[in-house]
Amino acid sequence: MGKVIHIKWDENVSVGIPLFDKQHKKLYDIMNDFFNLLQNGSGIKKVLETMNELKEYTDIHFSSEEKIMQEYGYEEYELHKLQHESFMSELIQLQNNIVENNIIPTIESMRYIFIWLEKHIKDSDIRYSEFMIEKGIW
Ligand SMILES: [Fe+2]
Ligand SMILES: [Fe+2]
């Protein structure tokens, strides 16, 4: 058996804002479910359900970040939003591949998705968090 992928949110990826940490944790949980399904060879129906859940929750999370960034005039808002959009289009592409072509995403493609998310949190989300904490929003 190959190496089992298990992802778990920890303090290293904290942005210091409870609401967003909570949302990031949930994204990690959903992704972990996803990795479990792929590693257990689950059927397409279950995979699609989890994919939908991941996409919907990502959408909710991105919207709540964008709303607050916009509200407080965060200067990197546009750039940050573009990053969110490109991630969403990756997710949509994976979802379409499941629905239209009956193709279950590979563990590698999901790993790529996860690495993107983690890098985004560490490099970009941390920047709005500094801004918000500085401004006393949190
Ligand atoms: Fe985020
Ligand atoms: Fe973000």
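H2 and H3 pack with their axes 10 Å apart, at an angle of about 170°. Angles over 145 degrees count as roughly antiparallel, so H2 runs roughly antiparallel to H3. On the H2 side, the contact is made by Ile-44, Val-47, Leu-48, Met-51, Leu-54, Lys-55, Thr-58, Asp-59, Phe-62, Glu-66, Met-69 and Gln-70. H3 contributes Tyr-77, His-80, Lys-81, His-84, Met-88, Leu-91, Leu-94, Gln-95, Ile-98 and Val-99. The model is a predicted one.

**Overall form**

The protein has four helices and zero strands. Along the sequence the pattern is α-α-α-α. The radius of gyration is 16 Å, close to the 14 Å that the globule rule gives for 138 residues, so the protein is as compact as a globular protein of that length. The C-alpha trace spans about 50 × 30 × 20 Å along its principal axes. Of the 138 residues, 17% count as buried. Among contacts with a separation of 6 or more, 71% join residues 24 or more positions apart.

H2 covers residues 44–71, and H3 covers 77–101. Their lengths and spans are set out below.

| Helix | Residues | Span, first to last C-alpha | Expected span |
|---|---|---|---|
| H2 | 28 residues | 40 Å | 40 Å |
| H3 | 25 residues | 35 Å | 36 Å |

In H2 the span is close to the expected value. The span of H3 is also close to its expected value.

The buried residues of H2 are Met-51, Leu-54, Thr-58, His-61 and Glu-65. What covers them includes H1, H3 and H4. An α-helix has 3.6 residues a turn, so residues three or four places apart point the same way.

In soluble globular proteins, nonpolar side chains tend to be buried together. Here the largest nonpolar core has twelve residues: Val-15, Phe-20, Leu-27, Met-31, Phe-34, Leu-38, Met-51, Leu-54, Leu-94, Met-110, Leu-117 and Ile-121. H1 (18–39), H2 and H4 each supply at least two residues of this core. H1 gives the largest share, five residues.

Leu-54 is one of the core residues and lies in helix H2. What makes Leu-54 count as buried? It has 20 C-beta neighbours inside 10 Å, and 20 or more is the mark of a buried residue. Leaving out residues up to four places away in sequence, Leu-54 touches Ile-30, Met-31, Phe-34 and Leu-91. Of these, Met-31 and Phe-34 belong to the largest nonpolar core. Leu-91 is on the H3 side of the H2–H3 contact. Leu-54 and Phe-34 are 20 residues apart in sequence, and their C-alpha atoms are 8.6 Å apart.

**His-80 in H3**

His-80 is found in helix H3. Is His-80 buried or exposed? His-80 is buried, because 21 other C-beta atoms lie within 10 Å. Beyond four places in sequence, His-80 touches Met-69, Ser-124 and Tyr-128. Met-69 is a residue of the H2 side of the H2–H3 contact. Tyr-128 is 48 residues from His-80 in sequence, yet the two C-alpha atoms are 9.1 Å apart.

**Between H2 and H3**

Just after H2, Gly-73 takes a positive phi of about 65°. Tyr-72 is found in the loop between H2 and H3. With 13 other C-beta atoms within 10 Å, Tyr-72 is partly exposed. Its contacts, leaving aside neighbours within four places in sequence, are Met-132, Lys-135 and Ile-137.

**After H3**

Which residue follows H3 with a positive phi? Asn-102 does, with a phi near 55°. Most residues other than glycine have a negative phi. Asn-102 is a residue other than glycine, and its phi is positive. Its place is in the loop between H3 and helix H4 (107–134). Asn-102 counts as exposed, because it has 9 C-beta neighbours inside 10 Å. The cut-off for an exposed residue is 12 or fewer.

Terms used. Residues numbered from 1 in each chain as written. Chains lettered and ligands numbered in written order. Predicted model: local features only at pLDDT ≥ 70, side-chain atom pairs only at ≥ 80, totals over all residues. Core = buried A, V, L, I, M, F, W, Y, C linked by C-beta atoms within 7 Å. Expected span 1.5 Å × (residues − 1). Contact = placed C-beta atoms within 7 Å. Rg over C-alpha atoms; globule rule 2.2 N^0.38 Å. Axes fitted to C-alpha atoms, helices over the stretch in contact; angles between N-to-C directions. Parallel < 35°, antiparallel > 145°, perpendicular 65-115°, else oblique.
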